[in-house]
Amino acid sequence: MPKTQLIGKIISDKMQKTVVVDVERTKAHPKYKRIYKINKKYKAHVEGADYKVGDKVVIEECKPMSKDKNWIVIKKI
C-alpha cells in the first residue's frame, strides 16, 4: 500500500528538525452539497534543508517519530 502524500504550506519552523504544515482540503456537505474548506496542521520531520515559513512542501506518511510527528517533508514545490 503506498504512503499518503499531502501538499501544504509551512506555518511554523521554530522547532529543531520539525516544521508545522497546514494542509487545506475541500469537502462537500453530505446533505446540502455546499463545498467548504478544511484546514489541518501536521508536524513533519525535516533533515537539515532550508525550509522557511510560507514554503509549499510535499509531506509523506512515515512511522511515528514522536507523540505528534508521523510525517516527513519530501520536497519543496
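1. Glu47 and Lys17 are both exposed. They form a salt bridge, with the closest N and O atoms 3.9 Å apart. The pair links distant parts of the chain. Glu47 sits in the loop between β3 and β4, and Lys17 in the loop between β1 and β2, 30 residues apart. Note that this is a predicted model.

2. The hairpin of β2 and β3 has 6 residues between the strands. In that hairpin Lys33 takes a positive phi near 65 degrees.

3. The structure holds 3 salt bridges. One of them joins Lys43 to Asp68, with 3.3 Å between the closest N and O atoms. Lys43 is in strand β3 and Asp68 in the loop between β4 and β5, so this pair ties together parts that are 25 residues apart in sequence. Lys43 counts as partly exposed because its relative accessibility is 31%. Asp68 is partly exposed too, with a relative accessible area of 44%.

4. Asp55 and Lys76 form another salt bridge, the closest N and O atoms being 3.5 Å apart. Asp55 belongs to the loop between β3 and β4, and Lys76 to strand β5, so the pair ties together parts 21 residues apart in sequence. Asp55 counts as buried because its relative accessibility is 18%, and the cut-off is under 20%. Lys76, at 44% relative accessibility, counts as partly exposed.

5. Now the fold. The chain has 0 helices and 5 strands. The strands form a closed barrel in the order β1-β2-β3-β5-β4, with mixed pairing. From one strand to the next, the twist averages 50 degrees. The C-alpha atoms fill a box of roughly 45 × 30 × 25 Å along the principal axes. Of the 77 residues, 29% count as buried. Among contacts with a separation of 6 or more, 45% come from residues 24 or more positions apart.

6. Check the strand pairings next. Strand β1 (residues 5–15) pairs with strand β2 (residues 18–28) in the antiparallel sense, over 4 bridges. Here Ser12 stands opposite Val20 in β2. β2 and β3 are also antiparallel, over 11 bridges. Arg25 has Ile38 as its bridge partner in β3. Another antiparallel pair is β4 with strand β5 (residues 69–76), joined by 5 bridges.

7. Which charged residue is buried yet has no salt bridge? Glu60 is. This residue lies in strand β4 (residues 56–61). The nearest side chain of opposite charge, Lys3, is 4.8 Å away. A salt bridge would need a nitrogen within 4 Å of a carboxyl oxygen. Glu60 does have a side-chain polar contact of 3.0 Å with Gln5. Its bridge partner in β5 is Ile72. Beyond four places in sequence, Glu60 touches Lys3, Thr4, Gln5, Asn70, Trp71, Ile72 and Ile74.

8. Is Lys41 buried or exposed? Lys41 counts as exposed because its relative accessibility is 60%. The residue is in strand β3 (residues 35–45). Beyond four places in sequence, Lys41 touches Ile11, Val20, Val21 and Asp22.

Notes: Residues numbered from 1 in each chain as written. Predicted model: local features only at pLDDT ≥ 70, side-chain atom pairs only at ≥ 80, totals over all residues. Heavy atoms only, no water. Helix = DSSP H or I, 4+ residues; strand = E, 2+ residues; numbered from the N terminus. Buried < 20%, exposed > 50% of the residue type's maximum accessible area, 1.4 Å probe, protein only. Lys, Arg positive; Asp, Glu negative; His and termini not counted. Polar contact = N/O pair within 3.5 Å; in protein donor to acceptor, adjacent residues only side chain to side chain. Contact = heavy atoms within 4.5 Å. Pairing = 2+ DSSP bridges. Axes fitted to C-alpha atoms, helices over the stretch in contact; angles between N-to-C directions.
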